[in-house]
Amino acid sequence: MTRILHVLDHSLPMHSGYTFRTRALLRAQMARGWDVRGLTGHRHTLSGGMEEVVDGLHFHRTPGAPATGTPLLREWRDIAAHAEAIDSLVRDWRPDVIHAHSPVLNAIAAQRVARRHGIPLIYEIRAFWEDAAVGNGTGTEGSPRYWLTRQLETHAVRAADAVAVICEGLRGDLVARGVDARKIIVSPNGVDLDQFGAPVPRDPALAAKLGLEGGDIVGFIGSFYDYEGLDDLIAAMPRLVRARPSAKLLLVGGGPMEAALRAQATASPFADHIVFVGRVPHDQVEHYYAQVDILAYPRKAMRLTDLVTPLKPLEAMAQGRLVAASSVGGHRELIEDGVTGTLFTPDDPAAIAAALATLLSDRSGWDARREVARRFVEKERNWSSNILRYEPVYQRLLDRPQAARAAA
């Protein structure tokens, strides 16, 4: 039985798009008959023991606390601790392949161990670390730290035996850096339809509790980061309500921008049309999807959103919801305007309001669009089929002589 060790930033029971993709990937690989484990670094902050099984998945943890000191010294120490934990698990469990996932610190730690033991390594990039830092407000494009991180990313890609990315935007950027396109596979975000593919009926009691009865409901379910553009969505509400007086906005989730967004909503002349729910347990999320007519994703235009495809629009399509999103590159990979969803100009509250009002004014084509979007997810973004993209890569790496791996 093929053994795959996934080297991760964090995992379940923490909740994020990162952990949900990891869960789907590991579950699909286990269903394929592979023996799979994950090892997280110091950014996994929930205590639960150095080895635990969560949702049927086997995880190990890097011991110790995150390092302190200057950013460069801190990260170097975290890489060393992570590499030591990987090495210990490799000696004990003997995986056939190491599959390291972004950020690049995981790839650097994993590569040290992979070379030492002659184990093939695939590096999977979900977003470039330097662009994610800009999107999260912790970095500046063009800064020395940004440049250094970009160089580390390029080095890690060239040192890996194979590279996986989640979308064509990331692949194109690596090819532009001179990376051989034949080394890269695209393994797009997907949905576990066994777990998230059966929409539940709308709960009238929950609608009443939230004050949503009889309304045109626009929703966002996810993390409240600046790059998600939720401030633009709130700013669009006065125009939308004037066009559609029963329109309401349901915001489910939380994150760094939550306080600012709540303050903005309170100051809106239509504050009573904006409902914040906060975070909800993941097994209850589908009940909130069922309350929403249109899921809106107003991501701002920047490198991160142009290069990276999100997961949430796919979940909305699987749940039979209409999708409206800004026309950034990551959304254009997922959504065909007028066919599987509606695209509007990013960073433009007036464009958001106009697109939503147009959709809400004519529901005659809604069922057909929902069906087309659902079929797209089933055919193109279903984890049970996406997993097949890894198999030939793993096999090619395993077919290489061990001496060649160690020398690579």
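Trainee: How many salt bridges does the structure hold?

Mentor: This is a predicted model, in which local features need pLDDT of at least 70, side-chain atom pairs count only at pLDDT 80 or more, and totals for chains, interfaces and linings use all residues. Residues are numbered from 1 along each chain as its sequence is written, and side-chain values use heavy atoms, with hydrogens and water left out. A salt bridge is a side-chain nitrogen of Lys or Arg within 4 Å of a carboxyl oxygen of Asp or Glu. The number of salt bridges in the structure is 31.

Trainee: Which residue meets Arg 23 in a salt bridge, side chain to side chain?

Mentor: Arg 23 sits in helix 1, and its partner is in the loop between strand 3 (51-54) and strand 4 (57-61), 32 residues apart. Helices (H or I, at least four residues) and strands (E, at least two) are DSSP runs, numbered from the N terminus. The N to O distance is 3.6 Å, and the partner is Asp 55.

Trainee: Is Arg 23 buried or exposed?

Mentor: Buried means under 20% relative accessible area, exposed over 50%, and partly exposed in between (1.4 Å probe, protein chains only). Asp 55, at 43%, is partly exposed. Arg 23 has a relative accessible area of 11%, so this residue is buried.

Trainee: Which residue forms a salt bridge with Glu 228?

Mentor: Glu 228 lies in the loop between strand 9 (216-223) and helix 9 (230-243), and the partner lies in the loop between strand 12 (294-297) and helix 12 (303-307), so the pair ties together parts that are 71 residues apart in sequence. The closest N and O atoms are 3.1 Å apart, and the partner is Arg 299.
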